[in-house]
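Here are some notes to go with the model you asked about.

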Amino acid sequence: MGQHNAEFYISSLGLIAHPEGGYFKETFRSEVELSANALPAHFGGMRSASTAIYFLLTTARASSFHRIESDEVWHFYAGDPLEVFGIHPDGRLEVWLLGGPETEGASFQATVPAGIWFGSAVKNTGDPNSDHFSLCGCTVAPGFDFDGFELADRQGLLAEFPQHADLITKLTTG
């Protein structure tokens, strides 16, 4: 099996641009639906029990800080290591490194808890113009819904977490 690049996966998997950055395709949406009264009030309505996507990031297209109302399990599939950065409500920064066994300290899976701000980027390779990429999957339960998706406001996040200014500036838009 040969080495593939980002364009190969974008094309062969039918990925499209995601509002937070990167490229995605929903691959699963459970037919089991959870009623609004079976969920915590912050969900604001019915949700699928679970959803899954392919998610590809490149050096040039990182994932901007955002938060969702559910836990999100990340699965590493191919490419370069990926760093997922989470800022907890108390300001604590947590970094998950996704990658294969050749990457020291990396894991094939990581879980981002519901409600924290998080973004991700292909691990710094030192060459911002290179064709480095990470192909992952994301599984969300209760299922993802854009009604429960919030893209971070740079100024608001900087005001709340000034200790992470460099990272926030890197993973938000002006």
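1. Does E69 count as buried or exposed? At 13% relative accessibility, E69 counts as buried, where buried means under 20% relative accessible area, exposed over 50%, and partly exposed in between, with a 1.4 Å probe and protein chains only. E69 is placed in the loop between β6 and β7; strands here are DSSP runs (E, at least two residues), numbered from the N terminus. Leaving out residues up to four places away in sequence, E69 touches H42, F43, R47, A114 and G148, a contact being heavy atoms within 4.5 Å.

2. A word on the basis of these notes. This is a predicted model, in which local features need pLDDT of at least 70 and side-chain atom pairs count only at pLDDT 80 or more, while totals for chains, interfaces and linings use all residues. Residues are numbered from 1 along each chain as its sequence is written, and side-chain values use heavy atoms, with hydrogens and water left out.

3. Have a look at T51, in strand β5 (residues 51-58). T51 is buried, at a relative accessible area of 3%. Its side chain reaches the backbone nitrogen of F144 at 2.9 Å. That is a polar contact (a pair of N or O atoms within 3.5 Å; within protein, one must be able to donate a hydrogen and the other to accept it, and residues adjacent in sequence count only if both atoms are side-chain atoms). Beyond four places in sequence, the residues that T51 touches include E26, F28, R29, C138 and V140.

4. Next, the largest pocket, with about 230 Å³ of space. A pocket is an open set of points on a 1 Å grid over the protein atoms alone, where a 1.4 Å probe fits, with protein on both sides within 12 Å along at least five of seven lines; lining residues have an atom within 4 Å of a point. Of the 18 lining residues, H18, F24, I53, V140 and F144 are the closest to the centre. Strand β5 gives the largest share of the lining, four residues. The lining divides into 11 nonpolar, three polar and four charged residues; Ala, Val, Leu, Ile, Met, Phe, Trp, Tyr, Cys and Pro count as nonpolar, Asp, Glu, Lys and Arg as charged, and the others, Gly among them, as polar.

5. What about aromatic pairs? The whole structure has seven of them. The rings of F144 and F146 are edge-to-face, because their centres are 4.8 Å apart and their planes at 85°. F144 and F149 are also edge-to-face, with centres 6.1 Å apart and planes at 70°. Rings of Phe, Tyr and Trp (its six-membered ring) pair if their centres lie within 6.5 Å; planes under 30 degrees apart count as stacked, over 60 as edge-to-face and the rest as tilted. Both F144 and F149 are buried, whereas F146 counts as partly exposed at 42% relative accessibility. One aromatic cluster is formed by F8, Y9 and F133.

6. Do check the peptide bond from A141 to P142, which is cis, with omega near -15°. Most peptide bonds are trans. P142 is placed in the loop between β12 and β13 (149-151).

7. Finally, H66 in strand β6 is buried, with a relative accessible area of 2%. The side chain of H66 reaches the backbone oxygen of S64 at 2.8 Å. Among the contacts of H66 beyond four places in sequence are E20, W117, F149 and L151.

How values were computed: Points joined across faces, edges and corners; volume = space filled by probe spheres on them.
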